[in-house]
Amino acid sequence: LLTQSRDLLAKRPRVTRIATRSGSHKRLVIVGDLHGQLPDLLTIFLENGFPSGQGTQYLINGDLVDRGPHGVEIATLLLAYKLLYPETIHINRGNHETSTISAQYGFMSEVMQKYNSTHIFGLFCQVFNQLPVCAVLDDSVVVMHGGLFRANGVELAHLEGVPREEVDLFSTNMHMNMLVDLLWTDP
């Protein structure tokens, strides 16, 4: 599941374009900051419909893991749905989808408790590095986990060049700084 998800996401753009008015899905539900709370995700699915080819589209806006006890289950469930319905489930990367933060705030411990494997944790981190950094809805609304950029003039085309790697908070590289800002500048 993890290697197939990593490979699928690596082929997809860094900026997801979602058409909500095309009629291919009933509606779009945006979900933020699940933080390992599986009951919350299941409630959202029960109230809005489980993902399917033509039902409700979902945009998960980062922070799938850490803090709650079910980050593994949330990440694997969403990735399985992404593989089944790639145009129905959209997942943005949040600042907790980084190895340093997920090691500090509990996801690494959760993976070790459930699988006793740093290799599995590393695979999750590889998947996280491939996640899109933002979504554009109907060519008019941008949804990202973080927010404001420290540099002026950042355009969507620049975001396609954001690296697919671990975040370096101290980098002076323009594209890495954009990645940091996309994930970290929570309002």
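**Close-up views of a predicted model**

**View 1. The largest cavity and its lining.** Leu9, Thr16, Lys82, His90, Ile91, Leu131 and Pro132 form the lining of the largest cavity. The model is predicted. Four of these lining residues are nonpolar, two are polar and one is charged. The space inside the largest cavity comes to about 40 Å³. Searching the whole structure turns up one cavity of 30 Å³ or more.

**View 2. Helix 6, residues 118–130.** Helix 6 contains 13 residues. From first C-alpha to last, helix 6 reaches 19 Å, close to the expected 18 Å. At its start, a side-chain oxygen of Ser117 comes to within 3.2 Å of the backbone nitrogen of His119.

**View 3. The buried residues of helix 6 and their cover.** Buried here are Phe121, Leu123, Phe124, Cys125, Val127, Phe128, Asn129 and Gln130. An α-helix has 3.6 residues a turn, so residues three or four places apart point the same way. The cover over the buried residues of helix 6 includes helix 1 (2–11) and helix 3 (71–84). Helix 4 (99–104) and helix 5 (107–115) are also among the covering elements.

**View 4. Gly68 in its loop.** Gly68 sits in the loop between strand 3 (57–61) and helix 3. Its relative accessible area is 10%, so Gly68 is buried, the cut-off being under 20%. Leaving aside residues up to four places away in sequence, Gly68 touches His35, Gly36, Gln37 and Glu110. Pro163 is 95 residues from Gly68 in sequence, and their C-alpha atoms are 28 Å apart in space.

Conventions. Residues numbered from 1 in each chain as written. Predicted model: local features only at pLDDT ≥ 70, side-chain atom pairs only at ≥ 80, totals over all residues. Heavy atoms only, no water. Helix = DSSP H or I, 4+ residues; strand = E, 2+ residues; numbered from the N terminus. Expected span 1.5 Å × (residues − 1). Buried < 20%, exposed > 50% of the residue type's maximum accessible area, 1.4 Å probe, protein only. Contact = heavy atoms within 4.5 Å. Polar contact = N/O pair within 3.5 Å; in protein donor to acceptor, adjacent residues only side chain to side chain. 1 Å grid on protein atoms, 1.4 Å probe; cavity = no way out; pocket = protein on both sides within 12 Å on 5 of 7 lines; lining within 4 Å. Points joined across faces, edges and corners; volume = space filled by probe spheres on them. Nonpolar A, V, L, I, M, F, W, Y, C, P; charged D, E, K, R; others polar.
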